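User: I've got a structure to go through. Can you take my questions as we look?

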Amino acid sequence: MGEVAGEGLRASASWSGRADDAGSAKRLQRRLVWIYVQGSLAAVLVTLLLVLLGLELTFGQWVGLLSITPPGVALYVLVDIYVIGRQFQPLGAALSRLDRGEPPTREQASAALVRALNLPFYSFVRVTFLHGPMATALTLLGLGGLNWFLGMGYALWQVLILAATVLFFATPTHAILEYFAISRDIVAPIVRLVRDADASILPDQQRKLVAIRLRTKLLYLSIFVAALPLFFFAFSVVFKVDRLIHDLGVQATAADLLPLWLWVGGVAAVCIIGALAMSILTAAEVSRSAATLIDAMRSAERGRLDIDLTVATTDEYADLFRGFNLMIRGLRDEVRLLEVTHDLAGELKLDALIQRIMGATTDLLGAERSTLFLFDPKTDELWSRYAAGLTMREIRMPSGSGIAGAVFATGRPENIPDAYADPRFNSEVDRRTGFRTRSILCLPIINKAGARIGVMQVLNKKSADRFTEKDESRLRAFGAQIAVSLENAQLFDEVLSVKNYNESILKSTSDGMITLDNDGAVVTANDAALSILKLVREDFVGRPAESFFTADNGWVMAAIDRVRETGERDISIDAALKCGSDNVSVNMTVQPLFGLSGERIGSILVFENITAEKRVKATMARYMSKEVADQLLAGGEAELGGKAQIVTILFSDVRHFTTLSEALGARETVALLNEYFAEMVDVVFRYGGILDKYIGDAIMALFGAPFPRPGDADNAVAVANGMLLTLRELNRRRFAAGKEPLDIGVGICTGEVIVGNIGSPTRMEYTAIGDSVNLASRLEGANKYYGTKILVSESTLRAMKTATPSREIDLIKVKGKDRPVAVYEVLGYHDRETCPALPDMVSHFQTGLAAYRAADWNGAIRAFERALHCHSADAPSEMYVRRCRHYLANPPPAGWDGAWVLTEK
């Protein structure tokens, strides 16, 4: 077996190499041309041979014929080669891509495969309907021209016979030879397309396939290889005999020659009819056998396996029928094995499973009895149970005893034709049970981890003296399923134990726990969860969670949906849960549930009742933000003791507030700040920001502390835009009340900072410190210089997950820093009313900025002026116009990097 397999692998490798070599585009095209040229030259030589033997040409006529043959052949060969190239084009395109290491598209591969399959037929059509008529026409024109211009004296019968030879004899022979040669050589490219390009025929290409039935091929061969040559032979014999008699001077009438004509014609007719009849009968027999095989294969495709083909011939189809019958019987055995394993898969009780396995094995292998021994690692024994009347009896023996013990110890199967001739056989069992053992087939049962868990022993083959190799392979396949069934039964017992243990844990915990499946239905709920929700288990378990968590409790379903979409844990701190007529404060965690293979199987909700803690939190929230209070309660001060993490910091400040407060007075200033802060802080909280502190009229907010969340940078920018939009509405109300409008600037930066409790032992403040905090503050102040509203650092824009309308403003060096920082203005707060031509303005501004950094001052001025034309109030464009005019008069020094130094914080 090993030698045969090795030879098969070597043959496969050799064929693969030939397919790669012969399947290249250039080599295949050259091969097609060479096949055609060979066929043409052979046809010319055969035709010239027939001319030599029968046309009685003079020396001069031979010279004339041979002189026109090369240019005539070259003419139609060139035309044919052009047509071959056109026919080869779809196939060549796909093969050329493979030669370059590029896979063709599915459409290209499909078209190439169709063309490869059709190429033999196309070659046949080309030779028959283009090459043959063209060669015949060139023959008539060439001989006629020699007679006309050189007076060669070719007789009409010579011209006609030569043309008929080319058209009716040489051309069909050439077409047939080229058809079969290409059919053989096209196999390698087809193999390469299917293997390397995964080619398959697409539905829209299916109709382009040209099916040439075997019957058609046989009829064509009988006509053009047998009938036409015979007809040509008969005609030429009659003609040549008539000329011979005439040249000898013998006077013979038609009546004298009639017997010869009848004999030659009759022989030719009988041969032609015989050839056609043999072709028809052979085609019918082949078609009938093929149709029988095809019908059987289609029945097998539809699932009918009760088929056995009758072998009634001794040809190749007899071998095909026998092979098909063997395949169907193998499929029937596999289906039977699958049915048996399917029946066993539903049995989880171990004793019942052992009985069913023994019965199924006995039936499957046609044996008298079978026994399943399982290994008990505690006692190092093999054991089995069997039914004896109304009771179960058990057999136990050492794991190394007898044939079963030897198989278990070595892991090698044993097929023993005579049990009593084997010294390992223990006949004591036969004596105790009254059973006579003749033949034994014994196989180890191995689990998926590769460990032996038992032995399957089958006794006494009914229909033979011993078990066959096929029985061994079937028992080996069945043994793998037995191992799975046994492990499932054992796991079932373990799962029941684990289930009981988990239920005990759920009953003991004080937190409410609810599990959901992938469809959102409630699977389990412990007593604590039912107590918190004030629900009855029968009314809750098994129903969709969304039918309970609605209206005021809709935030629970929103958290479940987020976990379902992201696959990440979601935590809700100090959330209000409506339970009957009461409101309960809870901390809720939603966690995805995963199976043993890592697949999602649902979600788990954990509710912590913190109603009592909320009073403490309410007191703490007066002195610190809600989020800091939540984190402090959850982890204690150690959680807030200080750590380095990526945070986005936002600073906002009211412009000209000192002047405004002096004009308002203390009471109205406080009222103004309360009104302003109430609006702005709502925007911060709306996007998950943490209010770090108020600094006079300024606000400092953090995004990503105490713990990071997805989209911290996006939320900070959304808050900045929201502040401007909210301020616009606030100013409208203030204007209607006759009050002075407010203006603010916002600065945002993202980076690593230190966050935690900072201060004295008696007074701590949770805040952030670091360069990014300083830069955010300075960007807020830089708005005054640039005349902008929102400035963000490059790190913030890079950290954003979603795009926002923005433009780069400048490269700046802030006070105390040497390295320039790219600064961007966020423009998301603009609308059609405030900036109708925002895209055009930004485009012109970016053009101007590029010219500015290239020191093209005049080009920059023109671009910035176009930006001002789009938005006349664009302060950055005005600033750059002033800068450019300054540099026109005072060029910057060599090595100028385009950065602007801010001299103020």
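Predicted model: local features only at pLDDT ≥ 70, side-chain atom pairs only at ≥ 80, totals over all residues.

User: Start with the core. How many residues does the largest nonpolar core have?

Analyst: The largest nonpolar core has 45 residues. Ile649, Leu702, Tyr852 and Phe864 have the most contacts inside it.

User: What is Ile649 in contact with, sequence neighbours within four places aside?

Analyst: Met700, Ala701 and Leu702 are among its contacts, and so are Gly747, Ile748 and Cys749. Val753, Ser772, Val773 and Ala776 are on the list too. Apart from this core lies another, of 43 residues, with Val44, Val77, Leu91 and Ile161 among them.

User: Switching to helices. At what angle do α25 and α27 pack?

Analyst: About 25°, with the axes 11 Å apart. α25 covers residues 838-853 and α27 covers 875-889. Angles under 35 degrees count as roughly parallel, so α25 is roughly parallel to α27.

User: Left-handed or right-handed crossing?

Analyst: The crossing of α25 and α27 is left-handed.

User: Which residues make the contact?

Analyst: From α25, Phe845, Leu849 and Tyr852. From α27, Pro876, Ser877, Tyr880, Arg883, Cys884 and Tyr887. By class, that contact has seven nonpolar residues, one polar and one charged.

User: Now Arg126. Buried or exposed?

Analyst: Buried: its relative accessibility is 4%, and the cut-off for buried is under 20%. Arg126 sits in helix α4, residues 106-150.

User: What is Arg126 in contact with, leaving out neighbours within four places in sequence?

Analyst: Tyr36, Asp80, Val83, Ile84, Gln87, His131 and Glu178.

Definitions and conventions:
Residues numbered from 1 in each chain as written. Heavy atoms only, no water. Core = buried A, V, L, I, M, F, W, Y, C linked by side-chain atoms within 4.5 Å. Buried < 20%, exposed > 50% of the residue type's maximum accessible area, 1.4 Å probe, protein only. Contact = heavy atoms within 4.5 Å. Axes fitted to C-alpha atoms, helices over the stretch in contact; angles between N-to-C directions. Helix = DSSP H or I, 4+ residues; strand = E, 2+ residues; numbered from the N terminus. Parallel < 35°, antiparallel > 145°, perpendicular 65-115°, else oblique. Left-handed = near helix turned anticlockwise from the far one by under 90°. Nonpolar A, V, L, I, M, F, W, Y, C, P; charged D, E, K, R; others polar.
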